[in-house]
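Q: Can you walk me through a few spots in this one? I'll jump around a bit.

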Amino acid sequence: MEIPVPDHEHTRTGMGVDALKRALSENLFYVQGRSPSNCTELDLYLALAYTVRDRLLARWVRTVDATFENRETRICCYLSAEFLLGPHLENNLYCLSIREQMKQAVTELGYDYQKLVEMEEEPGLGNGGLGRLAACFLDSLATLDLPAIGYGIRYEYGIFDQEIRDGWQVEISDLWLRYGNPWEIQRPMRAVEVALGGHTEQYYDTDGRYRVRWVPSRVVKGVPYDTPVLGYHTGTANLLRLWKSEAAESFDFEAFNVGDYFGAVEEKVVSENISKVLYPNDSGVQGKQLRLEQQYFFVSCSLQDALRAVLRMGLPPSRFHERYAFQLNDTHPAIGVAELMRLLVDVHGLDWDQAWDTTRRTFSYTNHTLLPEALERWPLPLFASVLPRHLEIIYEINRRFIDELYGRFPNDPERIARMSLIDEQHPKYVRMAHLAALGSNTVNGVAALHTRLLKSQVMHDFDDYWPGKFVNVTNGVTPRRWLLLANPRLSALITGHIGDGWVKNLDDLRRLEPLANDAEFCAEWSQAQLEGRRDLARFIEQRLGVIADPESMYDVLVKRIHEYKRQHLLVLAIIAMFLRIKDNPGFDVAPRTFIFGGKAAPGYTMAKLIIKLIHSVGEVVNHDPDVRGRLKVVFLPDYNVTLGQRVYPAADLSEQISMAGKEASGTGNMKFSMNGALTIGTLDGANVEIREAVGEENFFLFGHSAEEVQRVKAGGYYPHGIYETNELLRRAIDALGSGWLSRGDRGLFRPLIDSLLWRDEYLVLADFASYLEQQDEVSAAWRDQEEWMRKSILNTARMGRFSSDRSIREYAEKIWKIKPLNGR
């Protein structure tokens, strides 16, 4: 019997306004169990989210089927401890091209669309650039129709919410799951078991082969939660699979029945701790153990999941690398090298050489840092207590590697000690970056300068041993979220003049270059920038009660608070500008609003002190009548992706002022330039390539280069001498210790002052004069608004190479060897 086809769009999949209205009403009633007259804004938001998700599911199911049916291409598996996705709702609406239809449908039903959008909880599953990069990459993988799975942890509590109390950061639990997550689907039938602790036993199998059995002290269960990641204007929706830890047996009836009520649920509590919190404080042994358990947990779950799929396809485990390319996003998932060896040798019975060949063909490793403390090392006793079998495997990998090195460098024991997977100095450590480099087929840096320094400094011995193994893939950001979604006015202006092809091919922005000399277009561009500042000014006033003049220059520094990122350099410059005005009230300075944002790690005392310093300076500057209308200092609490979408369109000047040689790449620098902000920065990370792209004349360069930094430090750097000879710098630093900026407390900023005067590890004082000189150049440039807008347009026009689409194409071609599902 034929089923009649309705003459209207299907409620679950239709894209028209009427179909969306029906879907919203049905989801409110049948999913939320509410009527329009008896529902909350949360009910309405969830109904809206489920309506959008319905339209993702068909694409998602088709993509998953096509991925596993297509035997001609590998699947990229992106292993990352962080995925800082940002809000899903509007991003998905843009990808589906139904934002305006949905807005109309919601409005016609009598609801406030913007209020519902703002109801969405942002998943705080990352700390900063690492997690945001992973999210951009997932967006580009789907948009380019490349088969991929993102693997990570479903943290119950993400990066903390930041409150400011009397200028100090206070950390509040991030309850992002309190009302559920409508974008995910739980897959309990796909759960896997993960062993921890215990000991190993040696035995011979029935074929007489030497084998090792791991006898764990406890087992936890990893339950996957799947979220579709939709590409822009494509049928591809890839998979983000996040693992939640649970107890293998969550309730002990025997313990309960004898009155041990805590013991009855103890295993549940302990097991669930693994996925409880993003980056637990690891200053103590327990914190370190939990962090190691987290890393092993999600890596083991992911590898078991992929191996299960290989076996389901009828392929032997030895061909695992033919189906999967696993990318290690920094050192957090590096334990995957040892875990895949364990699975192949101990569980699936491969011989060592075959397993090692498969492992090295499977993994590639992205290094994201030049900071020694970020290249993870685990104390041997801790590692042995958590992963005894993996330590044995690492010892065996290292033994074979050391033998190989002795064959090549028999008279260079120091080189061999440097390259060993085990740091033999007391106390002994496992070097995870070395394990990742040894167990991968390719290692990449994330900016040209970073890769050069990685090869010449941090991993010089490895690059020398394997010429060609280290490559560069400069980071990129998705223009869908960071321009199209974040800055709809500027996007509409661009599209109105060059079409919308730039959204999927950012090189098309080059077509804006001739318009930089068009007075009418420049005026429209200036108006779009002004409206961006007005939007942020309204938000700042509503949230903080501070008036941020949208006619002033918005000078913005938003990123994680860290000494090497040098937020305190900008603060010293603000104090210097303030002192100049106090000395001479007629001093000519372009009106500026300095906007800061960022979180300090809970245990990072100096970074927290810098946040207090920003607020203390703001308290003085913002209430001084001599600088009113000329300088304003604002700190935006709880900086996250949502807030970033407000900030980037409003910025006129992007502060990228880290000491050269410390920032691997940076991606905020790209987002600012993409939205038309000019950059003041050092030759650090991707700043180097941004300056090359936009033109030296459109970039305010200051400070020592990476090579000059090395020479300064090697020459016996004496920061106190700079303090003694630079009068304005001396007065600015003395102001910190005078109590003038701290309500009379002379000792409040003493740790920061002493650090700058006697150590100054990040050359704040050495770069101060150059920085202030360029800040004067910025003020002069701002006065010529026509020329500033021309430079702003050229910054946006020349950002094509900084799309994450370009980055992903390079990974796909140079490293992963994967092809689009549609065969393009």
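**Contacts of D139**

A: This is a predicted model. Leaving out residues up to four places away in sequence, D139 touches N91, V229, G231, T478 and R480.

Q: Which helix does D139 lie in?
A: D139 is part of helix α6, residues 129-143.

Q: And is D139 buried or exposed?
A: D139 is buried: its relative accessible area is 5%, and the cut-off for buried is under 20%.

Q: Switching topic. How do the axes of α11 and α14 cross?
A: Helix α11 (residues 336-347) and helix α14 (residues 388-408) have axes that come within 9 Å and cross at roughly 95°. That puts α11 roughly perpendicular to α14.

Q: Which residues meet there?
A: From α11 there are A338, E339, M341, R342 and D346, and they meet R389, H390, I393, I394 and I397 of α14. By type, the residues of this contact divide into 5 nonpolar, 1 polar and 4 charged.

Q: Now the sheet with β15. What is the strand order?
A: The order is β13-β15-β14, an open sheet of 3 strands with antiparallel pairing.

Q: Which strands stand at the edges?
A: β13 (377-379) and β14 (422-423) do. Each has a single partner strand, so one side of each is left without a neighbour in the sheet.

Q: How many bridges pair β14 with β15?
A: β14 and β15 (residues 429-431) pair over 2 bridges, in the antiparallel sense.

Q: What is the bridge partner of D423 in β15?
A: The partner of D423 is Y429.

Conventions:
Residues are numbered from 1 along each chain as its sequence is written. This is a predicted model: local features need pLDDT of at least 70, side-chain atom pairs count only at pLDDT 80 or more; totals for chains, interfaces and linings use all residues. Side-chain values use heavy atoms; hydrogens and water are left out. Axes are lines fitted to C-alpha atoms, for helices over the stretch in contact, and angles run from 0 to 180 degrees between N-to-C directions. Helices (H or I, at least four residues) and strands (E, at least two) are DSSP runs, numbered from the N terminus. Angles under 35 degrees count as roughly parallel, over 145 as roughly antiparallel, 65 to 115 as roughly perpendicular and the rest as oblique. Contact means heavy atoms within 4.5 Å. Ala, Val, Leu, Ile, Met, Phe, Trp, Tyr, Cys and Pro count as nonpolar, Asp, Glu, Lys and Arg as charged, and the others, Gly among them, as polar. Buried means under 20% relative accessible area, exposed over 50%, partly exposed in between (1.4 Å probe, protein chains only). Two strands pair if DSSP finds at least two bridges between them.
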